[in-house]
Amino acid sequence: MSGTTLPAVDVVLVGFGWTGAMLGQELVQAGLKVLALERGAWRDTSNDFAVTFAQDELRYYYRHALFEEPSQGTITFRNTPSQHALPMRELGSFLPATGTGGAGVHWNGQTWRFLPSDFKVRSHNEQRYGALDPDMTVQDWGVTYDDLEPYYDKFEYLCGISGQAGNLNGEMVPGGNPFEGPRRRGYPNPPLDMTYSPELFRKAAHDLGLHPFTAPAANMSQPYTNWLGVRLGQCTYCGFCEKFGCGNYSKSSPQTTIHPVLLDNPDFELRTNSTVLRVLTDSTGKRATGVLYVDDQGNEYRQPAEIVVLCAYAYHNTHLMLLSGIGQPYSPESGKGALGRNYAYQVVSGVDLFFDKDKVFNPFIGAGALGVAIDDYNGDNFDHSGLGFIGGGYICLWNTNGRPIETQRVPPGTPKWGAKWKRAVAENYMSSASISTHGAVMSHRSNYLDLDPNYRNIHGQPLLRMTFDFKDNEHRLSDYLTDQAARVGKAMNPKQVHAKYRKGNYSIVPYQTTHNTGGTAMGADPSTSVVNPYLQSWDVPNLFVMGASVFPQNPGYNPTGTIGALTYWSANAIINRYLKSPGPLMQT
Amino acid sequence: MANRKPTVLNRRSLLTGAFAVSALGGAALARSPQPPDFDPGNRFRPDEADAPAPVTGERYVFFSQEEAALMAALLDRIIPADDLGPGADEAGVTFFLDRQLSGGFGAGQSYYMQGPWSSGTKQQGYQTRLTPAQLYRTAIAGIEKHAQAHYGKSFADLDASQQDAIVTALEHHDVDLNGAPRDQFFSLLLTNASEGYFADPLYGGNRNMAGWKMLGFPGAHYDYRPYVAQHNKRLSIPPAGIYGGPAWENGK
């Protein structure tokens, strides 16, 4: 095999986004020598998205300046196993990251905890509603909300999340989310100040007997110093969060919360422009010996390590496992094999609200997680009897932005071009708003990831093949959420409500959300999971996998808060258990 | 400054070098490529901020004169002049598109362009071999042919209602674009028109920030804290572009 063999390290991290930075910091603090390999470039605020040029809608969103280019590597896609998968030639439905900081650079900052029942989706729903659809491959996570609570807390205090607690150690707090699991203490920062349209939503939802609250945000409501001593500034509501880097050091990202400390630690090393091709294993296949990677000149290196951790984007983790021949690939025919199984996504919809011109929302005064939400229809917070689906999602009026290329709300029936279109865009810009629904996707027998037989990346490796569609559960769930969102919207008294239901097959063309989950699912049963509840590979105990690829299904929230909690939970197990006695942390 | 930053012999490379010498021998080390070096002590790079380059010049570099005339007329039907603001061409959208198509976007440089090629379902998205620049060039020729066949004139010389009839036909995918994918072209046309009308003026469109003024969007501002609590109030914040604008001049 080709490749120069390099000096060994204790730990090699594959990818240097959120999970790589979190884990890197924890492991160097525990005394290990840690190397992170990042396939993208070094990126930092002052050079790459400075406040003097960060507010550039064309460059960062429409020309994808911060995202992974499909030319470098992409996936193939089809809706069903009987179709022929074709490559995703340009980005659309989701925006995977590259470069240091990963998608933590260009997220919105909507930072949620999952519900206690979300971690027991199978056992909880079967107990309450009886047998589930046999094609639904949902499963319990093998961790509970209570297990993760200290680690949610740790991540929220790393980030300086702005929000209002709803459940402090079982005591309900007015103004917070009454459905959330108990938290040990309040958020580190108070909720953001609110703009006008979310306040109208709050009042309407409250008047309907629902439970609105200011959404938790990784946008700073005030200056903040985290437990690593890294400081963030107050958010300026510039309206350029998701798809953009924050020029103002006021959105939590690896750059603004961890990098300044970690990169100065002599036990930590980062190599950028270093793409890992696969995990290397010894002759038994039961032990990882390191990774094979390639630099941007095409030179290959073998990097030995005692512990390998996959911290790449969700579906890249699955791709690397498949390319490395670790674990049994899933077969939808036999149902056997766990690798690539449980791929899920998010089912989102919107309700546009058009008001008379005397309502002025100034939509450009925004922040990525500025909004008022209700959780009344998430998870199992409501009785699903007779509804024909499980799970749910939050409903929120976000005021993320008023960027004029992206945010053009026009009433239904408006032509797509010409004088009438132009007038509709101009007249509704200030006086319209949208309510979003953020629905769960339950894993399903025929939604999965495997290697594509026809298409290859620039390294000559097979592309990952994604087979995914929305099933009955998603459509029923999303229609229900959209109905509820429209009901709140009507109560806000606009002149027109346009409920945009998510109809038909899933398409990779329109942007929806970068919440790809599953493929290396976690669980307590090795026949249906790739990693155990400590995110340790069942097959190769010195290999760990971080990130949303371990979600067995995707609840109705943004994933980052739970990714953060799981990373710290796993770091704790690695440091306090694995290092003392390397080997499986759970017996099969 | 040519090429990359000078190699910095930092603590890590010293350690790596020492280990490598003992493990592999000096000769092996000398022949071996070195891994890409990221120097944490040198991570803030003065004078290397990756600011965008404004477009320059006035002449078209991608469109021929005839193509530019057709595109100007076509874009003016997509975004016509009226009391709300200038038409697309006056706002610089044709020029914007020329510069976009002559650069990396036109070349489809970020797209996955490896075969095999086949047309899939709508849900599988863009599958044409044409780059955006080739797509426009091919489609423009098709539109001109259509205009000549139906009206005996160039598209640019037709009256507005005739042009609108052709745009409607384009929208319904009823115009043969010399084999170029009709749905792909029309949706790209609408997106690019909107980009040119509303993107930062540094890219050549949105002249005089006309698109932003039409909406009341203040542009590349980064601090709205004083306005957050001003609910339901019409603000008059002069627009700012990344490289200037009324807000900058007022601040002088």
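The following legends describe close-up views of a predicted model. Residues are numbered from 1 along each chain as its sequence is written, and chains are lettered from A in the order in which they are written. Local features need pLDDT of at least 70 and side-chain atom pairs count only at pLDDT 80 or more, whereas totals for chains, interfaces and linings use all residues.

**View 1. The contact between chain A and chain B.** Chain A contributes 79 residues and chain B 73 residues, where contact requires C-beta atoms, placed from the backbone, within 7 Å. Elements of chain A giving two or more residues to this side include α3 (57-62), α6 (196-207) and β19 (448-456); helices (H or I, at least four residues) and strands (E, at least two) are DSSP runs, numbered from the N terminus.

**View 2. An open sheet of six strands in chain A.** The strand order is β8-β16-β17-β18-β15-β21, with antiparallel pairing; pairing requires at least two DSSP bridges between two strands. At the edges, β8 (213-214) and β21 (496-500) of chain A each pair on one side only. Strand β15 (residues 347-354) of chain A is joined to β21(A) by five bridges, and A:D352 stands opposite A:H498.

View 3. A:K336 lies in the loop between α9 (314-324) and β15 of chain A. This residue is partly exposed because 13 other C-beta atoms lie within 10 Å (buried, 20 or more; exposed, 12 or fewer; partly exposed, in between; C-beta atoms placed from the backbone). Not counting residues up to four places away in sequence, A:K336 touches A:Q328 and A:S331.

Conventions
Contact = placed C-beta atoms within 7 Å.
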